Amino acid sequence: MKALFALLVLPLRAPMLLVLLVVSGYLGLHWADVAPQLLAEASTPLQQQLAGPWFWPLQSLQVLAVVVFCAMPDVLLRELSELMAASKALTLVVTLLIVITGGLYLLHLAVLSEVLVLASAVLLARLDLIRLRIMPAPWLASLGLSGWVLLGILVGHQLQHSLGGYLA
């Protein structure tokens, strides 16, 4: 019972978790507003698929990738360093992949700004948890923060649908 109460008051003790929830709620509001517009502007069948049924899964996958990377950077970067130390060819392939992916994100600055804001909020929430000396295992932190962010996105999405035209 005490552990459940401590978990329920955690957002009050670590206010950056509330900021993370608000940021992810804003993303849910924004995506719920943008999704119909993208579908209306889609001209090819591929664009219709990406703006229609694939829009929310792709956005959620992007969010999960950002949260996982920000929740356990030490583990991921250590593994990447070991992978790149294995061979020069692998180092070039990994560097090329990072440069191409980074370049594609830089071409779409609206996406980049959302990713940067979300990543900053996740890192601030992690710092707040570290300040409270709450340091779970990396996979558990990643799972917990991913659930928290997806909850915020769901709340924002539902808020957009319940308020409808008032937010437009």
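The model is a predicted one, and its protein chain holds nine helices and zero strands. Of the chain's 168 residues, 28% count as buried.

**Overall shape and fold**

- The C-alpha trace of the protein chain spans about 55 × 45 × 20 Å along its principal axes.
- Among contacts with a separation of 6 or more, 75% come from residues 24 or more positions apart.

**Confidence**

- The protein chain has a mean pLDDT of 85, and 94% of its residues reach 70 or more.
- Confidence is highest in helix H9 (residues 138-163), with a mean of 92.
- Helix H7 (residues 88-107) is where confidence is lowest, at a mean of 77.

**The largest nonpolar core**

- This core has 25 residues.
- Leu17, Leu20, Val63, Leu118, Val122, Leu145 and Val149 are the residues with the most contacts inside it.
- Two or more core residues come from each of H3, H5, helix H8 (109-131) and H9.
- H8 gives the most to this core, with seven residues.
- As general background, nonpolar side chains in soluble globular proteins tend to be buried together.

**Where H3 meets H5**

- H3 and helix H5 (residues 55-71) pack at an angle of about 145 degrees, and their axes are 11 Å apart.
- Their crossing is right-handed.
- On the H3 side, the contact is made by Gly28, Trp31, Ala32, Ala35 and Leu38.
- H5 contributes Phe55, Trp56, Gln59 and Val63 to the contact.
- The residues of this contact divide into seven nonpolar, two polar and no charged.

**A closer look at Ala42**

- Ala42 lies in the loop between helix H3 (15-41) and helix H4 (45-51).
- Ala42 counts as buried because its relative accessible area is 14%, and the cut-off for buried is under 20%.
- Not counting residues up to four places away in sequence, Ala42 touches Gln47 and Gln48.
- Ala42 and Val9 are 33 residues apart in sequence, and their C-alpha atoms are 45 Å apart in space.

Note on methods: Residues numbered from 1 in each chain as written. Predicted model: local features only at pLDDT ≥ 70, side-chain atom pairs only at ≥ 80, totals over all residues. Heavy atoms only, no water. Helix = DSSP H or I, 4+ residues; strand = E, 2+ residues; numbered from the N terminus. Buried < 20%, exposed > 50% of the residue type's maximum accessible area, 1.4 Å probe, protein only. Contact = heavy atoms within 4.5 Å. Axes fitted to C-alpha atoms, helices over the stretch in contact; angles between N-to-C directions. Left-handed = near helix turned anticlockwise from the far one by under 90°. Nonpolar A, V, L, I, M, F, W, Y, C, P; charged D, E, K, R; others polar. pLDDT = per-residue confidence, 0-100. Core = buried A, V, L, I, M, F, W, Y, C linked by side-chain atoms within 4.5 Å.
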